[in-house]
Amino acid sequence: MGYLRAKIYSKSKSVLLTSLLNHFRRILGREKSSIQVQSLKQSLEHQRRNLNDCRAEITSLKMHIEGSRAGQYVSASESDAVQSQSVENVEKQKSALPVEVEKPTIEKDGGLITESSISNEKGHTQTEDGLVKEEIKNIVPDQREVAADASSISNKSLDSTLENQKEVSNHLLSPSNGNYSPSDLESILKLDSGIGRSKSENAIVDTASEETGLGTIQILADALPNIVPYVLINHREELLPLMMCAIERHPDSNTRDSLTHTLFNLIKRPDEQQRRIIMDACVSLSRNVGDMRTETELLPQCWEQINHTYEERRLLVAQSCGELAEYVRPEIRDSLILSIIQQLIEDSATVVREAAAHNIALLLPLFLNTDKYFKVEEMMFQLICDPSGLVVETTLKELLPAVIKWGNRLDHILRVLLSHTLSSAQHCPPLSGVEGSLESHLRVLGERERWNIDVLLRMLMELLPAVHQKAMETCPFSSILKSEESAVSVSLLETYAEGRSEWPMFEWMHVDCFANLLQLACMLPQKEDHLRNRITKFLLTVSERFGSSYLTHIELPVFLVAVGDDSADLRFLPSAIHPRIKGLKPRTAVANRLATLCILPLLLAGVLGAPSKREELTVFLRQLLVESKTKENQSSKHNNEVLDAVRFLCTFEEHHNMIFGILWEMVVDSTAELKINAAKLLKTIVPYIDAKVASSNVLPALITLGSDQNLNVKYASIDAFGSVAQHFKVDMIVDKILVQMDAFLEDGSHEAIIAVIRALLVAIPHTTERLRDYLLSKIFQLSASPSSSTDVTRRRERANAFCEAIRALDATDLSQTSVREYLIPAIQNLLKDPDALDPAHKEALEITMKERSGGTLEAFSKAMGAHLGIASSVTSLFGEGGLLGKKEATETTPVAPPSPTLQGPDSPKAVAAAPIEDNRFKRIMRGNFTEMLRSKPKNPDETPPQNH
């Protein structure tokens, strides 16, 4: 009876819970507010806990009651022992046994439940059942049928149990069974509970329990789609356990699909933490439902989200591909999932492509074979050349090692890498269309091609440790190579040079890799220092990995051959590869120049620039710059290429002291050509040094060269002074430059004047205002004194230099004083000799005069009349009666504030600012100095500043 009552009590509780859930749903329909939803959730959770507690109590009661009803027949041997007992003991047991059987006790919560307590509970249960039926009679009309069925089942179970108890009692009361101790009776009461129940009754009970569970899941599945929209987005992840339970246990596939769709769309734009929570839920669900349901229910949801508008959803798809792959069949991983990721690497969002690269790395270890290797490798190179640095970094650090470990085809990756690198440069147009010229071999790299080459060189650097490791592992001379050594020894190279065994991975470095890098370098113009620097760092890392012996006997000879040096020692290379190494030697004059321009920088900085080769670098550079000038076969036309190679070496600060040491040898040398080259090198090294080095090393060398008696040496130093003025604004350095410029101009020669003007011209956009005023004043002084030369060519060259400088100065912020005292008079002086002016310069000067003199027709006419003889001196323009004199007097005269009526939008003062701004822009355009846009020019109406 206790079991019946407990079961009826559970049914009543379930029905009550159902009614409460329906009631809550109606409330949700009426009141769509987040506060009420939270309250309903709490009530629902409370009722769920009560139901779970009730179920636990029923289970405990069921187990103990059924255990007390069990019986077991004793064996035949035990029957013989029972017959020997006395009749009196049997009678006592007979009288005592029914009491124990009829009044079993059940342990519950540490106490005992007797028949009287069960009766009390029965009354209490009946009272509660009456209340429940009263509350839900309008909601569940078939409650009586459910109760009747439950009562019928319970009565059958109770009758069967009583019958079994009677049989056990009769058996125990039989005189032939002897006497039982209390421990024996206790063991009988603890027999298996299934003895007193038939199979059909067990099935009925299990079916009822299963129906109850399915009913709960159905209620949950129906309620969740209505609850989710009214839960705050930041708290929706709290519904994940309920959704997972419903998806996992619901029998209908359509309902599961709907709930799975809700799971993926739970949050509109999930952040990283929310995506992590959703993915953990999906992984847990896949682990529970198995591979078939994961493939048919979860993966289709991924495919639907792949083109979603929000990148956060597509990011969720990328994450799911890597993390759900473990729970699907192997053939799905390298087909459907790989296809999804392949589409994601084409996504427009950087974070999605990065996630795709990360998840391919997670997916590869789950592939059972390498059938899809070439497809994966192609995807990897596509991600390597991605325009986003974030994607490239993830691919290099995660995907590249995963592909090498999975596919074990490092040699194929290296071949494809070098091929892609060369093709990226070869597809660019040549620098010149003249076939056979030096420039026709150089390529004009686009932004995309430059980026691709850069990331592929980074990839080569990342692969270098793997190449070195594989080369050491595949060494055929294991008896010579010590396991703890990572560098290559001389004895090992001697054995390798004998050529008795093949060593493919080792030879790949100096036969294939170096040759391809040299070919790439010969396509890079001079300005591509960044890519040349990448190659240099790779070469330095190679020598560090393979050791100084490899650098001396393998790497250095290869590069010496490539620059045309016949002294390269190839005895440590097998004779079989000698033809390939010697094939790197340039054969034509253009090839020699190309090798000097493109390969010599790599030899100096990447091979001889290694820490162990510093002394050899000094000797080689001194021989290249100083000693080779005494040889007759040294062509002077290669000087520029050699100097550019040394310029690239100057980009590495650790070589500056060595370079300055050689430069001083060239400065104090008696050969003029060496001194000129020293001035050129000093000019090239200026951008890579600081002000301290410039003041202590460069300027003293240039001053020494500037005082040389040879005019060519002197003029070469002037050009270098201009480079110093362009890069440094320190007052001390500027003072030294101005003093030296005065010394050059005192010479008075035409060449010196042109050299000074052009040297300072390049510094105009970057130098100080003081140096600009200095240059403007010198132009005014030099243009005021007419040229004594009757050669029109020299006069035009001088006038063109002045005009170029004036146009460059006009594009800067000159003070009103400088404009009045130097700029306009200088233009006036130049216009006096119209035959020496280029027509374009003449037009530009006339426009500058018009704008700088205030923009009036009268001022322009007077200025133009000056060089035609109408005005005999500049006093007509700047005197008290001149235009600017009147203008200045007007500016200093106090004027009453204008009437407010004159300040409307059509008043002259209101429109005056626009032409001034427009004129400044035109000046910059005419001077081709658009980069010199600075602050706005001062308004002509303002008081001019004091003279500097």
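Predicted model: local features only at pLDDT ≥ 70, side-chain atom pairs only at ≥ 80, totals over all residues.
The protein has 948 residues, of which 47% count as buried, and its secondary structure consists of 43 helices and two strands. Among contacts between residues at least 6 apart in sequence, 73% join residues at least 24 apart.

**Nonpolar core**

- In soluble globular proteins, nonpolar side chains tend to be buried together.
- The largest nonpolar core here holds 239 residues, and the members that touch the most other members are M459, M509, F546, L603, L621 and L625.
- For L621, when residues up to four places away in sequence are not counted, the residues touched are L604, V646, L649, M658, I659 and I662.

**Helices and their packing**

- Helix α20, which spans residues 490–497, has L492, L493, T495, Y496 and A497 as its buried residues, and these pack against α21 (504–521) and α23 (548–562).
- Just after α20 comes G499, which takes a positive phi of about 75 degrees.
- Helix α31 (residues 691–706) bends by about 35 degrees at V698, and the proline P700 follows within four residues.
- V698 is also one of the buried residues of α31, together with A694, S695, L699, A701, L702, L705 and G706, and the cover over these buried residues includes α29 (656–667), α30 (672–685), α32 (711–727) and α33 (731–746).

**Two residues in their surroundings**

- T262 sits in helix α10 (residues 253–264), where it counts as buried because its relative accessibility is 18%, below the 20% limit for that class.
- The side chain of T262 reaches the backbone oxygen of S258 at 2.9 Å, and T262 also touches V228 and M243, not counting residues up to four places away in sequence.
- E804 belongs to helix α36 (residues 792–810) and, at 30% relative accessibility, counts as partly exposed.
- Leaving aside neighbours within four places in sequence, E804 is in contact with R758, L761 and H841; the C-alpha atoms of E804 and H841 are 8.0 Å apart, although 37 residues separate the two in sequence.

**Salt bridges**

- A search of the whole structure finds 32 salt bridges, including one between E462 and K397, whose closest N and O atoms are 3.0 Å apart.
- This pair links distant parts of the chain, with E462 in helix α19 (residues 447–473) and K397 in helix α17 (residues 389–407), 65 residues apart; E462 is partly exposed with a relative accessible area of 33%, and K397 is partly exposed with 48%.
- K675 forms a salt bridge with D708, with the closest N and O atoms 2.7 Å apart, and this pair also links distant parts of the chain, since K675 is in helix α30 and D708 is in the loop between α31 and α32, 33 residues apart.
- Both K675 and D708 are buried.
- E751 forms a salt bridge with R794, where the closest N and O atoms are 3.7 Å apart; because E751 lies in helix α34 (residues 750–761) and R794 in helix α36, the pair ties together parts that are 43 residues apart in sequence.
- E751 counts as partly exposed at 36% relative accessibility, and R794 counts as partly exposed at 30%.
- Elsewhere, salt bridges that share partners join D529, R532, D644 and R647 into one network.

Technical notes: Residues numbered from 1 in each chain as written. Heavy atoms only, no water. Core = buried A, V, L, I, M, F, W, Y, C linked by side-chain atoms within 4.5 Å. Buried < 20%, exposed > 50% of the residue type's maximum accessible area, 1.4 Å probe, protein only. Contact = heavy atoms within 4.5 Å. Bend = angle between axes of the 7 residues up to and from the residue. Polar contact = N/O pair within 3.5 Å; in protein donor to acceptor, adjacent residues only side chain to side chain. Salt bridge = Lys/Arg side-chain N within 4 Å of Asp/Glu carboxyl O.
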